[in-house]
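Welcome! Please take a moment to look over the sequence and the fold shown here before reading on.

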Amino acid sequence: MKQIYLLILLMSCAASLSTLQAQQLTRSDIEHLSREQLASGINELREILSIPNNASFPEHVKANVDWCQEAFARRGFKTQILTTEGPPLLLASINNKKELPTVLIYLQIDGQPVDSSRWQQESPYDPVLKTETADGSWQTLDWNAFKSDYKPDWRVFARSASDAKGPVVMFLKAIDILQAQKKEAAFNIKVIMDFEEELGSPHLPAAVGTYADELKADHMIILDGPRHPSNEPTLTFGARGIQTLTLKIFGPKNPQHSGHYGNYVPNPALRMAQLLASMKDEYGRVTIPGYYRGIELDKNSLETLRSIPDDEAEIKRKLGIAGQDSVASFLQASRQYPSLNIRGLSAGWVGAEVRTIVPDFAVAEIDMRLVKESDPDYLLKLVKDHIAAQNYHFVEGEPTETERQKYDKLISLSHEFSYAAFRTEINSTTGNWLTTALERAFGKTPILIRTSGGSIPISPFVVTLGVPAVTVPTVNADNNQHSPNENLRLGNFEEGIRTVLAILTQPIN
């Protein structure tokens, strides 16, 4: 009986292995995309980029939801609208076999607002194909040029070309190629589409809790973000979270003549400068005790961080800086600590509107980039306690007359927590699976980044669903993300399709 059972088990394993091998494309299959496949992808990219996608406008959201629902349904996905208190989420699923693991794929559909006057084309929602000239400028090409020629360095300029509709179409075209060869993915697929990521995905955490059963998965990948600046295949295993603060220091009720009252009325702009300077030293390190609590980079972590091939001299040259903050000794290590960044200051008037006054208030906008070890409530308390220690009295909104007469230093503080950081171990099952897939696609080990500098709304999935998540960036690093003249390099578009194909056909062991 034992021998019969063993024979059945071996036959079952062999059948499963045969099925997985049948789905797995060879490196040659992945490398050689036809001109027709690329042309089809470019046409679909132009189509989705032509749909405005500012999440603040309901009509934009609806148009993009409709497009995505039709595009996924046409490929055999079962689609479901997940309602929230704001824009909906869209879930698309294909379940091949119950015994296979399930992978949840996150796609962002919305984009940053646009200022058409700063784009070098008629509209950011009218995609333009361009090539770089010898003097570094960009020359517009006719879309028909693609019929007779193709150069990987050509670029598509449009809002969300890289962030992040380009990866959406990369995924769809990989599915098309797989289905054309009558093959299936090596796992069950769930795709969740976010239509308000650029607004901070404020409704996502609650939605993940509400739809936990629908979103349940074994692994999660995020198709978003740029590759390493070298443009080599890249995997990113974490992202920093984000919390924002607004500080407002109050001075006189109204701006006062600097001749009559300078040297007498305390200047809120100066006080703001002094307060902010008290939070950091001259080397950019936060001086508030406990701010970096719990963060220790062991030998293995430092080796992983140093293995990333950053050319820091070139990075500084491009940024136009000579020095650096000294929170850590090199770029990748600096991203492993929470930041306290002054993102904006306002007081009085400047430029052509400057006037000789003592301002009535000063405002500082601050963002905190959080790491996995960070507790946002704890960091917020540290900042509040530090401000109180500088003899400031907190007010709600505008100070009352009584407060103005009683307290010398008045400040208001408002804050918003968007989402926490997350990090998946590089040597996890998820990490090893994706690393193997990219090695098969490109014949070399991808660059493995422990934590990215930016923030993406993935922690609700990691925390609520308990699913490990890894980001698979595909677009060119010099894509002008969030800025005018955002673009996607066609070579990255092609390699992005290959990346997704390799992942779809890589068994998860």
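## A predicted model

Please keep in mind that this is a predicted model.

## The five-stranded sheet

Let us begin with an open sheet of 5 strands, which follow one another in the order E13-E15-E11-E17-E16 with mixed pairing. Strand E13 (341-346) and E16 are at its edges; each has a single partner strand, so one side of each is left without a neighbour in the sheet.

Strand E16 (residues 393-394) runs parallel to E17, and 2 bridges join them. Phenylalanine 394 is found opposite isoleucine 411 in E17.

## Helices on the sheet

Helix H10 (residues 268-277) lies across E11, E13, E15 and E17, and it runs at about 140° to E11. Helix H14 (residues 376-389) packs on the sheet as well, where it touches E11, E15, E16 and E17. The direction of H14 makes about 170° with that of E17.

If you follow the chain from H14 to E16, you pass through a loop that holds asparagine 391. This residue has a positive phi of about 70° although it is not a glycine. In general, most residues other than glycine have a negative phi. Is asparagine 391 buried or exposed? With a relative accessible area of 62%, asparagine 391 is exposed, because the cut-off for that word is over 50%.

## The four-stranded sheet

A further open sheet has 4 strands in the order E5-E4-E6-E21, and its pairing is antiparallel. Strand E5 (138-141) and strand E21 (487-489) are the edge strands, each pairing on one side only. On average, neighbouring strands of this sheet are turned by 35° against each other, direction ignored.

Strand E6 (residues 155-157) and E21 run antiparallel and are joined by 3 bridges. There, valine 156 has leucine 488 in E21 as its bridge partner.

Serine 160 has phi near 75°, a positive value in a residue other than glycine. Serine 160 counts as buried because its relative accessible area is 0%, and the word stands for values under 20%. Alanine 164 brings another feature: a cis peptide bond joins it to aspartate 163, with omega about 0°. As a rule, most peptide bonds are trans.

Which residues does phenylalanine 187 touch? It sits in the loop between helix H6 (165-180) and strand E7 (188-194), and it counts as buried because its relative accessibility is 0%. Leaving aside neighbours within four places in sequence, its contacts are Asn96, Leu100, Pro101, Val103, Trp433, Ile503, Leu504, Gln506 and Ile508. From C-alpha to C-alpha, phenylalanine 187 and glutamate 99 are 8.9 Å apart in space, while 88 residues apart in sequence.

Serine 148 belongs to helix H5 (residues 145-148). Serine 148 counts as exposed because its relative accessibility is 64%. Serine 148 and arginine 35 are 113 residues apart in sequence, with 9.8 Å between their C-alpha atoms.

## A cavity and a pocket

The structure holds 1 cavity of 30 Å³ or more, and the largest cavity has a volume of about 30 Å³. Its lining is made of Asn53, Ala55, His60, Val61, Asn64, Asp110 and Phe195. By class, these divide into 3 nonpolar, 3 polar and 1 charged.

The second largest pocket has a volume of about 320 Å³. It is lined by 16 residues, and the closest to its centre are Gly251, Pro252, Lys253, Val265 and Arg404. H10 and helix H15 (401-406) are the elements that give two or more residues to this lining. The lining of this pocket has 9 nonpolar, 3 polar and 4 charged residues.

Terms used
Residues are numbered from 1 along each chain as its sequence is written. This is a predicted model: local features need pLDDT of at least 70, side-chain atom pairs count only at pLDDT 80 or more; totals for chains, interfaces and linings use all residues. Side-chain values use heavy atoms; hydrogens and water are left out. Two strands pair if DSSP finds at least two bridges between them. Buried means under 20% relative accessible area, exposed over 50%, partly exposed in between (1.4 Å probe, protein chains only). Contact means heavy atoms within 4.5 Å. On a 1 Å grid over the protein atoms alone, a cavity is a set of points where a 1.4 Å probe fits but cannot get out, and a pocket is an open set with protein on both sides within 12 Å along at least five of seven lines; lining residues have an atom within 4 Å of a point. Grid points are joined across faces, edges and corners, and a volume is the space filled by probe spheres set on the points. Ala, Val, Leu, Ile, Met, Phe, Trp, Tyr, Cys and Pro count as nonpolar, Asp, Glu, Lys and Arg as charged, and the others, Gly among them, as polar. Axes are lines fitted to C-alpha atoms, for helices over the stretch in contact, and angles run from 0 to 180 degrees between N-to-C directions.
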